Amino acid sequence: MFFVAPYTLGRDQLQALMMRLHRVPADKRIALLGRLKHLQRLGWPPGSNLGKGRRVKYQADQVLLVAWALELIQLGFTPERAVATLRGQPDSEWTIALLAVDDLLNEGHTDALIAFDPAILSSALGDDDEDQFGRRLPGDGHFLENWQLGGGIRLALINIGALILDLDRESIILGYSRPGSFLPSLRTRLNEVAQSSWPAVSQ
């Protein structure tokens with residue numbers, strides 16, 4: 001065995017990674033940076049607001065949380081709603097992410113998915129009912145069938161396994177990590193946060 005250094009990114013590296021992850025052209029860079037700054041003002045990811053003059057180092061789980069929030073924004077969420085959604089039921093979301101990482105490390109693939117009822121977007125109509133945040137479900141091979149049988153009309157999905165693999169691949173391409181380092185670092189951080197009962201995320 002050999003030692004794998006913890007995965008960390010500086011702010012500029014995080015921005016470059018998110019640009020590649022979302023295939024953002026250079027002329028749209030300002031818009032993406034605006035979204036990232038907006039998320040930071042909202043305290044997302046947790047632990048990234050260190051005050052003026054202090055350089056932020058994003059760990060693997062924080063990088064995933066930023067990418068996750070941007071995926072929700074791509075679905076039409078406002079940054080505020082994206083952060084509120086991710087803060088809403090962190091235990092279930094972290095469990096799914098941890099299952100996905102374990103699958104990827106042990107099996108090389110995962111079917112873990114996050115499922116949302118797009119009715120949460122109706123918050124634009126002025127209804128802030130917390131139930132609108134919808135459902136977060138692991139990909140167990142049956143939830144689509146159950147959703148159909150339950151009379152579901154709308155469904156939005158995030159392929160959390162693909163998102164994690166994309167972060168891994170793009171980090172390697174950019175030279176931010178070596179093959180085989182991101183997933184173990186992410187699993188370590190997920191386990192650490194899970195054992196602390198999500199205090200950093202829920203606050």
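**The whole chain.** Begin by selecting the entire protein chain, which is a predicted model. In cartoon view, the chain shows 9 helices and 4 strands. Following the sequence, the order of these elements is β-α-α-β-α-α-α-β-α-β-α-α-α.

Next, display the surface. The protein chain exposes about 11000 Å², of which carbon and sulfur atoms supply 52%. Of its 203 residues, 42% count as buried. Among the contacts with a separation of 6 or more, 69% are between residues 24 or more positions apart.

**Helices 7 and 8.** Now select residues 160–173, which form helix 7, together with residues 182–195, which form helix 8. Two packed helices are described by the angle between their axes and the distance between the axes. Here the angle is about 125 degrees, and the axes lie 10 Å apart. The two helices, helix 7 and helix 8, are therefore oblique to each other.

Show the side chains where they meet. Helix 7 contributes I164, L167 and D168, while helix 8 contributes F182, L183 and L186. The residues of this contact comprise 5 nonpolar and 1 charged, with no polar ones.

**Residue E170.** Finally, select E170, which is also located in helix 7. Is E170 buried or exposed? E170 counts as buried because its relative accessibility is 2%, and the cut-off for buried is under 20%. Leaving aside residues up to four places away in sequence, E170 touches L17, R20 and R23.

Note on methods. Residues numbered from 1 in each chain as written. Predicted model: local features only at pLDDT ≥ 70, side-chain atom pairs only at ≥ 80, totals over all residues. Heavy atoms only, no water. Buried < 20%, exposed > 50% of the residue type's maximum accessible area, 1.4 Å probe, protein only. Contact = heavy atoms within 4.5 Å. Areas by Shrake-Rupley, 256 points an atom, 1.4 Å probe, with all protein chains shown as cover. Axes fitted to C-alpha atoms, helices over the stretch in contact; angles between N-to-C directions. Parallel < 35°, antiparallel > 145°, perpendicular 65-115°, else oblique. Nonpolar A, V, L, I, M, F, W, Y, C, P; charged D, E, K, R; others polar.
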